[in-house]
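Visitor: I have this one open next to me and would like to go through it with you. Where shall we start?
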Amino acid sequence: MMYYSTNGKAPEATLRKAVVNGLAEDRGLYMPRRIPRLPARFFEDMAQMSFQELSCAVADAFFGEDIPADDLHRIVQETLSFDCPTYQIEENIWVLELFHGPTLAFKDVGARFMARLLAYFSDNSPVNVLVATSGDTGSAVANGFLGVEGVRVFVLYPKGKVSPIQECQFTTLGQNITALEIDGCFDDCQALVKNAFMDADLRAKMKLTSANSINVARFLPQSFYYFNAVARLRRAGISEAPVICVPSGNFGNLCAALFAAEMGLPVKRFIAANNSNRVFYDFLQDGQYRPRPSIQTLANAMDVGDPSNFARIWELYGRDADAVRAHISGAVVDDKTIERTILECYSDTGYLLDPHGACGYRALKDGLRDGEKGIFCETAHPAKFLEKMEEITALEIDVPQRLAAFMKGTKQSVPLGKDYEGFRDYLVSSI
Ligand SMILES: *Cc1c(COP(=O)(O)O)cnc(C)c1O
């Protein structure tokens with residue numbers, strides 16, 4: 001399969017190049033030249049298939065031409081070392097829980113798959129992954145790459161500006177993961193990473209790559225769990241196509257769901273749930289895409305003012321706003337409504353939402369029409385937002401053991417300034 005750039009000014013790339021480079025030369029996002037449709041038989045059988053079997057079939061369709069089946073299936077099995085279960089919480093509403101991975105957020109699936117694909121494509125010289133993080137991305141990437149041979153990860157994070165739980169999730173790992181505590185803000189971290197990528201001298205010395213969410217190897221595997229969710233509903237006797245509602249920031253997760261539908265997965269329609277960062281919602285109203293600075297909300301992993309995967313959605317629907325609207329509707333859930341929704345859902349159903357899942361639940365519950373059945377994604381475990389959640393609910397929230405284990409580890413990080421020379425010298429000395 002070849003991959004083209006959404007900006008249309010770069011040569012097509014092989015899977016290997018698309019994964020190793022991340023972004024095309026013209027700064028566009030890579031799109032597969034075609035989206036394979038799975039055969040009718042697959043959909044007849046899917047209710048009987050396991051999560052792993054479904055995922056292998058989806059992976060074969062996308063990556064099977066480029067990676068031998070044995071290797072690809074091993075990568076899928078290793079990625080899915082945890083379940084993504086679906087539960088009914090109301091008459092017409094199911095939750096798809098995506099927080100059972102190592103860092104308790106859905107990014108684990110994409111990060112684990114991408115880590116393994118990158119290792120598969122790396123030759124003898126080790127690949128160095130640089131990732132700047134304001135919190136969640138760093139932990140998912142660091143844990144996804146933990147112990148993967150041939151890959152070293154440097155997580156750059158702003159000193160004193162990530163939550164203690166988040167910090168533990170990438171500073172206590174050791175092995176091939178190094179945390180760099182930058183005396184600056186998130187933008188300084190991002191600038192250091194960008195400078196390193198533009199430094200030809202440095203790149204001649206060490207192979208560098210990025211692991212941000214625009215990588216095809218990070219967003220595409222997220223389609224696995226949508227197949228699994230629909231299969232589980234069928235097994236429970238629900239045969240109609242559900243509405244799928246995805247709490248969205250950079251829109252990688254929703255994009256994977258849209259790809260699943262293009263592959264033939266029966267989905268009635270989609271709802272994109274936003275917090276107060278409403279660029280996509282506003283786009284649906286008037287067809288104008290107007291990026292703007294992000295604002296801080298309770299669902300902070302969705303605080304995105306210029307969602308990078310918008311380019312993929314735009315491309316997928318032929319750059320036609322009506323076509324986008326025909327598949328996806330939008331919703332904006334502000335902080336007050338997030339708080340109210342967490343309380344209301346807990347008292348009505350006993351289900352404890354996190355602030356991101358609360359956006360999804362609210363948008364689905366308000367948007368579901370008569371007779372429709374809907375699934376929303378719960379993208380993180382509520383305990384990841386312990387202080388806020390306890391403040392909102394006045395409940396004592398159970399901290400899962402694997403989250404508590406991170407908090408017991410010893411913090412190891414390298415303090416660095418925000419000047420590029422110091423960062424570069426550190427990288428060179430680490431070779
Ligand atoms: C990253 C993230 C999101 C947003 O996902 P996108 O793919 O960027 O739209 C939602 N919830 C949580 C908990 C996240 O970490």
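Predicted model: local features only at pLDDT ≥ 70, side-chain atom pairs only at ≥ 80, totals over all residues.

Visitor: OK, switching to the ligand: which residues come nearest?
Guide: There are 15 residues around the ligand, and those that come nearest are Lys107, Gly249, Asn250, Phe251 and Thr379.

Visitor: What is the make-up of that shell by class?
Guide: The shell around the ligand consists of six nonpolar, seven polar and two charged residues.

Visitor: Which backbone atoms lie by the ligand oxygens?
Guide: A backbone N or O atom of Gly249 lies 2.7 Å from an oxygen atom of the ligand, a polar backbone atom of Asn250 is 2.8 Å from a ligand oxygen, and for Gly252 the distance from a backbone N or O atom to an oxygen atom of the ligand is 3.1 Å.

Visitor: How much of the ligand does the protein bury?
Guide: The protein buries 96% of the 380 Å² that the ligand exposes when taken alone.

Visitor: Last topic, how is the chain divided into domains?
Guide: Domain 1 covers 83-105 + 219-393, while domain 2 covers 107-217 + 408-429. Their C-alpha centres lie 28 Å apart, and 20 residues of domain 1 are in contact with 17 residues of domain 2.

Notes: Residues numbered from 1 in each chain as written. Heavy atoms only, no water. Near = heavy atom within 4 Å. Polar contact = N/O pair within 3.5 Å; in protein donor to acceptor, adjacent residues only side chain to side chain. Areas by Shrake-Rupley, 256 points an atom, 1.4 Å probe, with all protein chains shown as cover. Nonpolar A, V, L, I, M, F, W, Y, C, P; charged D, E, K, R; others polar. Domains from an automatic or database assignment. Contact = heavy atoms within 4.5 Å.
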